[in-house]
Amino acid sequence: MSEPEISFRLNPLLDFFHLLVSREPARSVGRWVARLGDSLPPCPAEVRPEGLGWRDIGDYADLVRAVEAEGERNESWHSCAQMLRDSEPIYRKFLAGWREELKPAAASALEEWREDFRSRRPLESIQRLLRKRYPYDTLIIHSTPLNPTMSYSPGLGEIFCGSEKRPDGAWRVLARISLFIGHEVCHILMEEASPTLLSDLRFAELVNRWQHEYPALEYPRYGIPEECCHAVMNRVAVDTGEMAYTEMKKMMGGGLWADCTLYDIIQAGWDDFQRNDSGWASINDFLIDCALEFLSGSGPSGAAGEKA
Ligand SMILES: [Zn+2]
(Lines give C-alpha, C1' and ligand atoms only; values in the text may rest on other atoms or scores of the structure.)
Protein backbone atom coordinates (compact mmCIF):
# COMPACT_ATOMS: atom_id res chain seq x y z
CA MET A 1 0.00 0.00 0.00
CA SER A 2 1.41 3.40 -0.96
CA GLU A 3 1.70 6.39 1.35
CA PRO A 4 -1.56 8.30 1.88
CA GLU A 5 -1.99 11.57 0.05
CA ILE A 6 -2.09 14.40 2.59
CA SER A 7 -4.04 17.58 1.96
CA PHE A 8 -4.71 20.67 4.06
CA ARG A 9 -7.92 22.62 3.53
CA LEU A 10 -9.73 25.78 4.49
CA ASN A 11 -13.46 25.28 4.42
CA PRO A 12 -15.83 28.26 4.96
CA LEU A 13 -18.86 26.03 4.39
CA LEU A 14 -17.74 23.75 7.22
CA ASP A 15 -17.18 26.80 9.43
CA PHE A 16 -20.72 27.94 8.66
CA PHE A 17 -22.03 24.48 9.54
CA HIS A 18 -20.15 24.65 12.86
CA LEU A 19 -21.81 28.02 13.51
CA LEU A 20 -25.20 26.51 12.68
CA VAL A 21 -24.87 23.55 15.05
CA SER A 22 -22.99 25.31 17.87
CA ARG A 23 -23.32 29.05 18.54
CA GLU A 24 -20.81 28.91 21.39
CA PRO A 25 -17.52 29.61 19.55
CA ALA A 26 -18.98 32.55 17.65
CA ARG A 27 -18.89 34.77 20.76
CA SER A 28 -15.14 34.81 20.99
CA VAL A 29 -14.43 35.27 17.28
CA GLY A 30 -16.11 38.56 16.55
CA ARG A 31 -19.39 40.44 16.84
CA TRP A 32 -20.19 39.97 13.16
CA VAL A 33 -20.23 36.18 13.61
CA ALA A 34 -22.31 36.47 16.80
CA ARG A 35 -24.84 38.70 15.00
CA LEU A 36 -25.12 36.22 12.12
CA GLY A 37 -25.41 33.35 14.60
CA ASP A 38 -28.30 35.13 16.31
CA SER A 39 -30.15 35.45 13.01
CA LEU A 40 -29.96 31.68 12.38
CA PRO A 41 -32.83 29.46 13.54
CA PRO A 42 -31.96 27.03 16.38
CA CYS A 43 -30.47 23.73 15.26
CA PRO A 44 -31.68 20.40 16.74
CA ALA A 45 -29.23 19.18 19.38
CA GLU A 46 -28.98 15.76 17.72
CA VAL A 47 -27.29 17.29 14.65
CA ARG A 48 -23.56 17.03 15.32
CA PRO A 49 -20.79 18.30 13.01
CA GLU A 50 -19.02 14.93 13.28
CA GLY A 51 -22.06 13.30 11.66
CA LEU A 52 -20.87 14.35 8.20
CA GLY A 53 -17.77 13.58 6.15
CA TRP A 54 -16.68 16.54 4.03
CA ARG A 55 -14.55 15.06 1.27
CA ASP A 56 -17.42 15.20 -1.25
CA ILE A 57 -18.97 18.46 -0.12
CA GLY A 58 -17.85 21.24 -2.45
CA ASP A 59 -20.66 23.79 -2.40
CA TYR A 60 -23.83 24.73 -0.58
CA ALA A 61 -26.03 22.43 -2.66
CA ASP A 62 -23.74 19.46 -1.80
CA LEU A 63 -24.08 20.27 1.90
CA VAL A 64 -27.89 20.42 1.69
CA ARG A 65 -27.89 17.07 -0.17
CA ALA A 66 -25.61 15.44 2.43
CA VAL A 67 -27.81 16.66 5.31
CA GLU A 68 -30.94 15.54 3.43
CA ALA A 69 -29.41 12.07 3.05
CA GLU A 70 -28.90 11.93 6.84
CA GLY A 71 -32.49 13.16 7.19
CA GLU A 72 -33.70 9.95 5.50
CA ARG A 73 -32.65 8.16 8.68
CA ASN A 74 -33.13 10.83 11.32
CA GLU A 75 -35.88 13.42 11.76
CA SER A 76 -33.57 16.01 13.37
CA TRP A 77 -31.32 16.06 10.34
CA HIS A 78 -34.41 16.38 8.16
CA SER A 79 -35.38 19.66 9.89
CA CYS A 80 -31.73 20.77 9.70
CA ALA A 81 -31.85 20.36 5.91
CA GLN A 82 -34.85 22.72 5.76
CA MET A 83 -33.03 25.19 8.01
CA LEU A 84 -30.01 25.09 5.71
CA ARG A 85 -32.15 25.81 2.67
CA ASP A 86 -33.59 28.84 4.49
CA SER A 87 -30.13 29.99 5.63
CA GLU A 88 -28.43 30.30 2.25
CA PRO A 89 -28.71 34.15 2.12
CA ILE A 90 -27.09 34.29 5.58
CA TYR A 91 -24.25 32.09 4.30
CA ARG A 92 -23.48 34.69 1.63
CA LYS A 93 -23.06 37.38 4.33
CA PHE A 94 -21.04 34.91 6.41
CA LEU A 95 -18.68 34.23 3.51
CA ALA A 96 -17.84 37.94 3.10
CA GLY A 97 -17.01 38.21 6.83
CA TRP A 98 -15.15 34.87 6.80
CA ARG A 99 -12.83 36.06 4.01
CA GLU A 100 -11.98 39.23 5.87
CA GLU A 101 -11.93 38.15 9.53
CA LEU A 102 -11.29 34.41 9.74
CA LYS A 103 -9.43 33.35 6.64
CA PRO A 104 -6.07 35.02 7.40
CA ALA A 105 -5.60 33.30 10.79
CA ALA A 106 -6.99 29.96 9.55
CA ALA A 107 -4.65 30.08 6.55
CA SER A 108 -1.62 30.84 8.70
CA ALA A 109 -2.50 27.94 11.07
CA LEU A 110 -2.73 25.71 8.00
CA GLU A 111 0.70 26.82 6.76
CA GLU A 112 2.23 26.12 10.18
CA TRP A 113 0.67 22.63 10.23
CA ARG A 114 1.78 21.89 6.68
CA GLU A 115 5.36 22.81 7.54
CA ASP A 116 5.32 20.88 10.84
CA PHE A 117 3.78 17.86 9.13
CA ARG A 118 6.59 17.85 6.60
CA SER A 119 9.39 18.24 9.11
CA ARG A 120 8.05 16.17 12.03
CA ARG A 121 6.25 13.31 10.23
CA PRO A 122 3.61 12.63 12.91
CA LEU A 123 1.71 10.06 10.79
CA GLU A 124 4.80 7.88 10.48
CA SER A 125 5.37 8.23 14.21
CA ILE A 126 1.89 7.08 15.22
CA GLN A 127 1.93 4.11 12.83
CA ARG A 128 5.21 2.98 14.34
CA LEU A 129 3.98 3.56 17.90
CA LEU A 130 0.72 1.67 17.39
CA ARG A 131 2.32 -0.99 15.17
CA LYS A 132 -0.47 -0.46 12.68
CA ARG A 133 -0.84 1.07 9.23
CA TYR A 134 -3.08 4.04 8.56
CA PRO A 135 -5.93 2.49 6.56
CA TYR A 136 -6.98 5.19 4.05
CA ASP A 137 -5.31 6.45 0.90
CA THR A 138 -5.93 10.08 1.85
CA LEU A 139 -5.75 12.20 4.98
CA ILE A 140 -7.51 15.56 4.76
CA ILE A 141 -6.78 18.08 7.51
CA HIS A 142 -9.29 20.93 7.76
CA SER A 143 -8.45 24.15 9.58
CA THR A 144 -11.74 25.20 11.15
CA PRO A 145 -11.77 28.31 13.36
CA LEU A 146 -15.41 27.82 14.43
CA ASN A 147 -14.98 24.17 15.42
CA PRO A 148 -16.66 23.89 18.84
CA THR A 149 -14.27 21.10 19.94
CA MET A 150 -10.48 21.07 19.88
CA SER A 151 -10.39 18.49 17.14
CA TYR A 152 -12.47 15.59 15.91
CA SER A 153 -12.63 13.07 13.11
CA PRO A 154 -15.73 11.71 11.39
CA GLY A 155 -13.51 8.79 10.26
CA LEU A 156 -12.83 8.09 6.56
CA GLY A 157 -9.54 9.94 6.54
CA GLU A 158 -10.60 13.41 7.65
CA ILE A 159 -9.56 15.45 10.69
CA PHE A 160 -10.93 18.83 11.76
CA CYS A 161 -8.94 21.03 14.10
CA GLY A 162 -9.95 24.39 15.55
CA SER A 163 -7.48 27.10 14.56
CA GLU A 164 -8.86 30.02 16.52
CA LYS A 165 -6.22 31.13 19.01
CA ARG A 166 -8.10 30.58 22.23
CA PRO A 167 -6.24 31.78 25.31
CA ASP A 168 -6.58 28.62 27.41
CA GLY A 169 -3.66 26.24 27.82
CA ALA A 170 -5.50 23.19 26.57
CA TRP A 171 -6.02 24.78 23.15
CA ARG A 172 -2.36 25.74 22.82
CA VAL A 173 -1.44 22.13 23.47
CA LEU A 174 -3.96 20.47 21.20
CA ALA A 175 -3.65 22.69 18.13
CA ARG A 176 -0.12 21.37 17.49
CA ILE A 177 -0.03 18.92 14.64
CA SER A 178 1.66 15.99 16.44
CA LEU A 179 -1.04 16.21 19.10
CA PHE A 180 -4.21 16.36 17.09
CA ILE A 181 -2.90 13.92 14.48
CA GLY A 182 -1.72 11.63 17.30
CA HIS A 183 -5.07 11.85 19.06
CA GLU A 184 -7.44 11.53 16.09
CA VAL A 185 -5.44 8.93 14.17
CA CYS A 186 -5.32 6.86 17.39
CA HIS A 187 -9.16 6.92 17.40
CA ILE A 188 -9.14 5.91 13.72
CA LEU A 189 -6.70 3.03 14.27
CA MET A 190 -8.58 1.71 17.32
CA GLU A 191 -11.67 1.54 15.14
CA GLU A 192 -9.73 -0.14 12.32
CA ALA A 193 -8.40 -3.02 14.41
CA SER A 194 -10.33 -6.25 14.14
CA PRO A 195 -12.56 -6.33 16.11
CA THR A 196 -12.90 -2.56 16.38
CA LEU A 197 -12.72 -1.21 19.90
CA LEU A 198 -16.41 -0.30 20.10
CA SER A 199 -17.55 -3.65 18.68
CA ASP A 200 -15.18 -5.70 20.87
CA LEU A 201 -17.25 -7.84 23.27
CA ARG A 202 -14.61 -7.54 25.99
CA PHE A 203 -14.85 -3.75 25.72
CA ALA A 204 -18.66 -3.89 25.93
CA GLU A 205 -18.41 -6.09 29.05
CA LEU A 206 -15.90 -3.69 30.56
CA VAL A 207 -18.20 -0.71 29.95
CA ASN A 208 -21.19 -2.58 31.45
CA ARG A 209 -19.24 -3.57 34.52
CA TRP A 210 -17.97 -0.06 34.97
CA GLN A 211 -21.41 1.48 34.56
CA HIS A 212 -22.84 -1.00 37.06
CA GLU A 213 -20.20 -0.15 39.66
CA TYR A 214 -20.11 3.59 38.98
CA PRO A 215 -23.60 4.51 37.69
CA ALA A 216 -23.01 8.27 38.06
CA LEU A 217 -20.29 8.21 35.42
CA GLU A 218 -21.00 8.52 31.72
CA TYR A 219 -17.29 8.05 31.39
CA PRO A 220 -16.45 4.52 30.21
CA ARG A 221 -17.61 4.25 26.61
CA TYR A 222 -15.99 7.53 25.61
CA GLY A 223 -13.58 8.04 28.48
CA ILE A 224 -11.60 4.82 28.11
CA PRO A 225 -10.60 5.45 24.48
CA GLU A 226 -10.07 9.17 25.26
CA GLU A 227 -7.46 8.37 27.89
CA CYS A 228 -5.66 6.13 25.42
CA CYS A 229 -5.71 8.84 22.75
CA HIS A 230 -4.35 11.39 25.25
CA ALA A 231 -1.51 9.04 26.16
CA VAL A 232 -0.73 8.28 22.50
CA MET A 233 -0.80 11.92 21.42
CA ASN A 234 1.77 12.62 24.13
CA ARG A 235 3.93 9.80 22.84
CA VAL A 236 3.70 11.14 19.27
CA ALA A 237 4.54 14.71 20.35
CA VAL A 238 7.58 13.49 22.27
CA ASP A 239 8.61 11.18 19.40
CA THR A 240 8.45 14.01 16.84
CA GLY A 241 10.20 16.44 19.19
CA GLU A 242 7.25 18.83 19.16
CA MET A 243 6.74 18.90 22.92
CA ALA A 244 8.38 17.49 26.04
CA TYR A 245 6.22 15.12 28.06
CA THR A 246 6.71 17.18 31.22
CA GLU A 247 5.68 20.40 29.47
CA MET A 248 2.44 18.83 28.31
CA LYS A 249 1.58 17.32 31.65
CA LYS A 250 2.23 20.66 33.37
CA MET A 251 -0.03 22.54 30.94
CA MET A 252 -2.90 20.06 31.06
CA GLY A 253 -2.58 18.50 34.51
CA GLY A 254 -5.45 19.36 36.83
CA GLY A 255 -7.59 20.33 33.84
CA LEU A 256 -8.58 17.64 31.41
CA TRP A 257 -6.52 15.10 33.31
CA ALA A 258 -7.60 15.81 36.86
CA ASP A 259 -7.88 12.05 37.23
CA CYS A 260 -4.77 10.67 35.58
CA THR A 261 -4.98 7.12 36.90
CA LEU A 262 -5.92 5.28 33.71
CA TYR A 263 -3.68 7.59 31.71
CA ASP A 264 -0.76 6.75 34.01
CA ILE A 265 -1.44 2.99 33.74
CA ILE A 266 -1.34 3.28 29.93
CA GLN A 267 1.92 5.25 30.07
CA ALA A 268 3.47 2.76 32.52
CA GLY A 269 2.71 -0.21 30.24
CA TRP A 270 3.65 1.51 27.01
CA ASP A 271 7.23 0.29 26.66
CA ASP A 272 6.01 -3.30 27.06
CA PHE A 273 3.34 -2.79 24.40
CA GLN A 274 5.99 -1.47 22.02
CA ARG A 275 7.90 -4.76 22.02
CA ASN A 276 6.82 -7.07 19.23
CA ASP A 277 6.78 -10.02 21.63
CA SER A 278 4.61 -8.14 24.12
CA GLY A 279 1.68 -10.55 23.77
CA TRP A 280 -0.79 -7.77 22.92
CA ALA A 281 -1.88 -8.28 19.33
CA SER A 282 -3.30 -4.78 18.96
CA ILE A 283 -3.63 -1.43 20.70
CA ASN A 284 -7.20 -2.44 21.62
CA ASP A 285 -6.02 -5.54 23.52
CA PHE A 286 -3.51 -3.40 25.37
CA LEU A 287 -6.06 -0.69 26.19
CA ILE A 288 -8.64 -3.21 27.46
CA ASP A 289 -6.04 -4.73 29.79
CA CYS A 290 -5.11 -1.25 31.08
CA ALA A 291 -8.76 -0.41 31.74
CA LEU A 292 -9.25 -3.75 33.55
CA GLU A 293 -6.25 -2.98 35.73
CA PHE A 294 -7.72 0.46 36.46
CA LEU A 295 -11.11 -1.03 37.34
CA SER A 296 -9.63 -3.70 39.58
CA GLY A 297 -7.72 -0.99 41.47
CA SER A 298 -9.30 2.08 42.98
CA GLY A 299 -11.51 2.85 39.96
CA PRO A 300 -12.46 6.40 39.01
CA SER A 301 -11.79 8.99 41.73
CA GLY A 302 -13.88 11.96 42.82
CA ALA A 303 -17.50 12.32 43.86
CA ALA A 304 -18.86 11.17 40.49
CA GLY A 305 -16.90 7.95 40.94
CA GLU A 306 -18.68 6.91 44.18
CA LYS A 307 -19.49 3.23 44.04
CA ALA A 308 -23.14 2.19 43.69
ZN1 LIG B 1 -10.82 11.98 21.41
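Noting my cut-offs before anything else: I call a residue buried if 20 or more other C-beta atoms lie within 10 Å of its own, exposed if 12 or fewer, and partly exposed in between, with C-beta atoms placed from the backbone. Helices (H or I, at least four residues) and strands (E, at least two) are DSSP runs, numbered from the N terminus.

This is a predicted model, where local features need pLDDT of at least 70, side-chain atom pairs count only at pLDDT 80 or more, and totals for chains, interfaces and linings use all residues. Residue numbers start from 1 along each chain as its sequence is written.

Entry on α3. I looked up helix α3, residues 31-39, and found Val33, Leu36 and Gly37 buried. Seen down the axis of α3, the buried residues fall within an arc of 105° (taken over the directions from the helix axis to the C-beta atoms), so they line one face of the helix. On the face turned away from that buried side I noted the exposed residues Arg31, Arg35, Asp38 and Ser39.

Most residues other than glycine have a negative phi, and most peptide bonds are trans. Arg121 sits in the loop between α6 (88-120) and α7 (122-130), and it counts as partly exposed because it has 17 C-beta neighbours inside 10 Å.

Arg131 also has a positive phi, about 55°. I placed Arg131 in the loop between α7 and β2 (138-143); with 17 other C-beta atoms within 10 Å, Arg131 is partly exposed.

Last, the peptide bond from Ser194 to Pro195 is cis, omega near 0°. Pro195 is in the loop between α9 (177-190) and α10 (201-213).
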